[in-house]
Amino acid sequence: MTPDNSENADATPTDDEANEKRAVVLLSGGMDSATTAYEAKERGYELHFLHTSYGQKTETREYDCATKLAEELGARDFLHIETDHLKRIGASSLTDDAMAVADADTESEEIPDTYVPFRNANLLSMAVSYAEANDCEAVFVGAHSEDYAGYPDCRPEFFEAFEAMVDVGTKPETELSVEVPFVNDSKTDIAERGVELGVPFEHTWSCYRAEEPACGTCDSCAYRLEAFQNVGVRDPIEYAERPRYAD
């Protein structure tokens, strides 16, 4: 009698599965990472999502948005990591309850107090571990030019240096790129691309202060509202205030 190998057969990847491209996307639940996830999907990657809760003030809303986006995109996997070390380290109004999030100042050239010290290196390290363990070829990040104007760990040279470190610090057979598709683009460019890709922006959250409604007056809300106003599309989320930021 021929043995029943159905279980083994089910476990054997098909040719399509063996040849597919896989990527980890750092999915915060914000509009930038959501658009980046849709961009990765458009480029033909099977998606593994990594979402982190590190004590940020809007972590519950961000997690809800990330899970909805994962469902919308049919994610291959969704990994949620809770870590409070960035909150315990402090020094950021995103994580320190004693620090208030300031009103938007889009003209300032100072590093804002919403900067979480070296956060992206922490998040990318987890993403690379996750990617290498799942034979992924890329890690996608949603940083862009208006981010690196204020945050040092969003600069193109940071991601280039991190990719070089990944090459040195992973297995010899691991080939893993750090993809930042919008690093030289503006928030307006991201909003425009997101509209083209059909990103469900109603399932994204950007506010630094509140989980509902968005305040409309922190830096993140200001840049988001300005982007939607520039492309002539109404931002679908609810705001306590909806100032006019576009020229």
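**Helix α3.** I began with helix α3 in this predicted model, and found that α3 covers residues 31-42, twelve in number, and reaches 16 Å from its first C-alpha to its last, close to the 16 Å expected at 1.5 Å a residue. I then asked how far the helix is covered, and noted that ten of the twelve residues of α3 are buried, so the helix is largely enclosed by the rest of the structure. The buried residues are M31, D32, S33, A34, T35, T36, A37, Y38, E39 and A40. Past the end of the helix I looked at G44, which follows α3 and has a positive phi, near 95°.

**Largest pocket.** Next I looked up the largest pocket, which holds about 1100 Å³ of space. I recorded 49 lining residues, of which R119, D147, Y151, Y208 and S220 are the closest to the pocket centre. Sorting the lining by class, I have 20 nonpolar, 16 polar and 13 charged residues.

**Salt bridges across the chain.** I searched the whole structure for salt bridges and have eleven in the list. One of them pairs K187 with D32, where the closest N and O atoms are 3.0 Å apart. This pair links distant parts of the chain, with K187 in helix α9 (residues 187-197) and D32 in helix α3, 155 residues apart. Are these two partners buried or exposed? I counted K187 as buried because its relative accessibility is 7%, and D32 likewise as buried, at a relative accessible area of 11%, both values being under the 20% cut-off.

I also noted R209 and D103, whose closest N and O atoms are 2.7 Å apart in a salt bridge. R209 lies in the loop between α9 and α10 and D103 in the loop between α5 (85-89) and α6, so the pair ties together parts that are 106 residues apart in sequence. R209 itself counts as partly exposed, at 28% relative accessibility.

**A local pair in α9.** Finally I examined E196 and R193, whose side chains meet in a salt bridge of 3.1 Å, N to O. Both lie in helix α9, three residues apart, about one turn of the helix. An α-helix has 3.6 residues a turn, so residues three or four places apart point the same way. I have E196 as exposed, with a relative accessible area of 55%, and R193 as partly exposed at 24%.

Note on methods: Residues numbered from 1 in each chain as written. Predicted model: local features only at pLDDT ≥ 70, side-chain atom pairs only at ≥ 80, totals over all residues. Heavy atoms only, no water. Helix = DSSP H or I, 4+ residues; strand = E, 2+ residues; numbered from the N terminus. Expected span 1.5 Å × (residues − 1). Buried < 20%, exposed > 50% of the residue type's maximum accessible area, 1.4 Å probe, protein only. 1 Å grid on protein atoms, 1.4 Å probe; cavity = no way out; pocket = protein on both sides within 12 Å on 5 of 7 lines; lining within 4 Å. Points joined across faces, edges and corners; volume = space filled by probe spheres on them. Nonpolar A, V, L, I, M, F, W, Y, C, P; charged D, E, K, R; others polar. Salt bridge = Lys/Arg side-chain N within 4 Å of Asp/Glu carboxyl O.
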